[in-house]
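Reader: Hi, I'm new to this one. Can you put it up and walk me through it?

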Amino acid sequence: MNSGEDKTGKTLAELGVSRPEEVSSLFAEIRQRFDEESSAPRDESTWKEFRDAWLGRKSGVLTRITDNWLKPATAELKRAVGAALNELRAHVETKIEERRAAIEAGTESAAMARERVDLSLPGVIRPIGSHHLIRQVFQEIEDIFFSIGFSVVEGPEIETPYYNFEALNIPEFHPVRDDMDTFYLELPKGAPEPLLLRTHTSPMQIRTMEKRQPPVRVIVPGKVYRRDNPDATHSFIFHQVEGLAVDTDITFCDFTGTIEYFVKQFFGPGVKTRFRPSYFPFTEPSVEFDASCPFCGGTGVSNGGTCSKCKGAAWIELFGAGMVDPAVYGFVNYDAKKVSGFAFGIGIDRLAMLKYGIDDIQVFFQNDARFLRQFP
Ligand code: DAH
């Protein structure tokens with residue numbers, strides 16, 4: 001800008017201006033120059049330069065006019081210079097502000113153009129997840145038991161030895177505790193009692209009977225934990241559905257009938273059941289339920305060879321169960337002379353593996369979408 005060498009650097013006297021009419025033509029000249037320059041700034045930084053050249057406090061054109069024209073002006077000219085200067089200042093300020101707004105609007109609309117969303121583009125399609133197979137099997141089992149009057153209760157995965165063992169008639173040093181290699185929680189010194197990760201869902205038998213009077217008909221789906229080394233049939237976390245029915249008149253026939261109904265609903269009407277004597281501290285008598293192998297129709301032979309699922313045995317071991325041991329009623333203040341009932345503990349992972357032909361329990365916990373997608 002050449003305004004540095006212009007007339008604003010000199011006083012009116014030096015410019016030879018002595019009459020008010022000359023003052024106004026002098027201002028008209030300046031104003032014209034301003035108007036010519038004012039359309040030049042196209043972005044924020046050139047606008048700032050322009051603003052400072054005109055309004056800058058130290059050496060802007062208006063400051064120079066004030067210092068060189070107005071202040072030293074003769075009394076005769078002062079009024080005219082003052083009025084013209086005010087008018088010029090108002091004009092300059094308005095125009096500079098207008099320019100700023102125009103530049104800002106321009107940058108904004110440029111940004112808008114750049115960032116415009118094209119609504120006609122196809123969207124990002126996220127695959128919708130599905131329930132994990134274990135959850136699906138839980139639901140299948142729940143539905144079967146709902147249909148015969150059971151309801152669902154759930155309980156804590158962190159348990160006390162009392163609920164996990166003692167009240168289930170498993171006193172300390174009972175050998176079954178060895179089979180249920182247990183995770184104990186590390187607790188601060190002085191904690192009132194040890195805590196453990198439940199090794200089965202059976203503690204909820206106790207918690208339920210403590211809260212409710214017979215008739216009781218519940219199932220307990222949930223996670224359980226044992227210190228097992230992982231292999232194709234073992235995992236330190238797995239799933240069970242506990243079942244408990246207690247009333248004044250429940251017989252062994254109600255028990256086997258209920259289990260048979262469940263197995264046929266789950267594996268299909270052609271599947272037969274049988275039970276063998278077994279042992280659990282909290283049931284008496286205790287049994288182990290088997291199903292005729294659903295893969296070879298209970299023949300032990302498949303595709304002209306030994307059935308790979310039951311290894312030719314024709315039967316598949318399903319789960320443990322039994323009539324509730326009267327000793328257990330003692331822990332929950334039920335009158336063992338008046339009530340009777342049955343309980344069962346179904347391993348869900350095992351059942352899911354059988355039903356869906358899965359030969360490694362680990363796949364349930366690996367979160368491999370290629371596996372999960374096979375069970376939409
Ligand atoms: N709680 C047992 C386990 O995890 C399974 C079981 C067996 C549960 C017999 C029962 C039952 O309710 O009656 O090994």
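This is a predicted model: local features need pLDDT of at least 70, side-chain atom pairs count only at pLDDT 80 or more; totals for chains, interfaces and linings use all residues.

**Phe319 and the rings**

Author: Phe319 counts as buried because its relative accessibility is 3%; buried means under 20% relative accessible area, exposed over 50% and partly exposed in between, with a 1.4 Å probe and protein chains only. Residues are numbered from 1 along each chain as its sequence is written, and side-chain values use heavy atoms, with hydrogens and water left out.

Reader: OK, and where is the place of Phe319?

Author: Phe319 is in strand 10, residues 315-324. Helices (H or I, at least four residues) and strands (E, at least two) are DSSP runs, numbered from the N terminus.

Reader: What does Phe319 touch?

Author: Not counting residues up to four places away in sequence, Phe319 touches Ile259, Phe262, Val287, Glu288, Phe289, Phe344, Gly345 and Ile346. Contact here means heavy atoms within 4.5 Å.

Reader: How many aromatic pairs does the structure hold?

Author: There are 24 aromatic pairs. Rings of Phe, Tyr and Trp (its six-membered ring) pair if their centres lie within 6.5 Å; planes under 30 degrees apart are stacked, over 60 edge-to-face, and the rest tilted. Phe145 and Phe344 make a stacked pair, with 5.1 Å centre to centre and 20 degrees between the planes.

Reader: Which parts of the chain does that pair link?

Author: Distant ones: Phe145 is in helix 6 (residues 133-146) and Phe344 in strand 11 (residues 340-347), 199 residues apart. Both Phe145 and Phe344 are buried. Ring pairs also join them into a cluster whose members include Phe150, Phe252, Phe319 and Phe342.

Reader: Which charged end sits over the ring of Phe266?

Author: That of Lys355, 4.3 Å from the ring centre. For Tyr163, the charged end over the ring belongs to Arg207, at 3.9 Å from the centre. The rule is NZ of Lys or CZ of Arg within 6 Å of the ring centre and within 35 degrees of the ring normal.

Reader: Switching to the ligand, which residues come nearest?

Author: Of the 16 residues around the ligand, His200, Ser202, Arg226, Gln240 and Glu242 come nearest; a residue is near if one of its heavy atoms lies within 4 Å. An N or O atom in the side chain of Gln205 is 3.1 Å from an oxygen atom of the ligand. A backbone N or O atom of Ala343 also lies 3.1 Å from a ligand oxygen. Those are polar contacts, pairs of N or O atoms within 3.5 Å; within protein, one must be able to donate a hydrogen and the other to accept it, and residues adjacent in sequence count only if both atoms are side-chain atoms.

Reader: Gln362 next: buried or exposed?

Author: Gln362 counts as buried because its relative accessibility is 16%. Gln362 lies in the loop between helix 12 (348-356) and helix 13 (369-372), and its side chain reaches the backbone oxygen of Asp231 at 2.9 Å.

Reader: And Asn367, buried or exposed?

Author: Asn367 counts as exposed, at 58% relative accessibility. Asn367 lies in the loop between helix 12 and helix 13, and its phi is positive, about 60 degrees, although Asn367 is not a glycine.

Reader: Last one: which peptide bonds are cis?

Author: Among them are Pro214 to Pro215, with omega near 5 degrees, and Glu284 to Pro285, with omega near -5 degrees. Pro215 is in the loop between helix 9 and strand 4, whereas Pro285 is in strand 7, residues 283-292.
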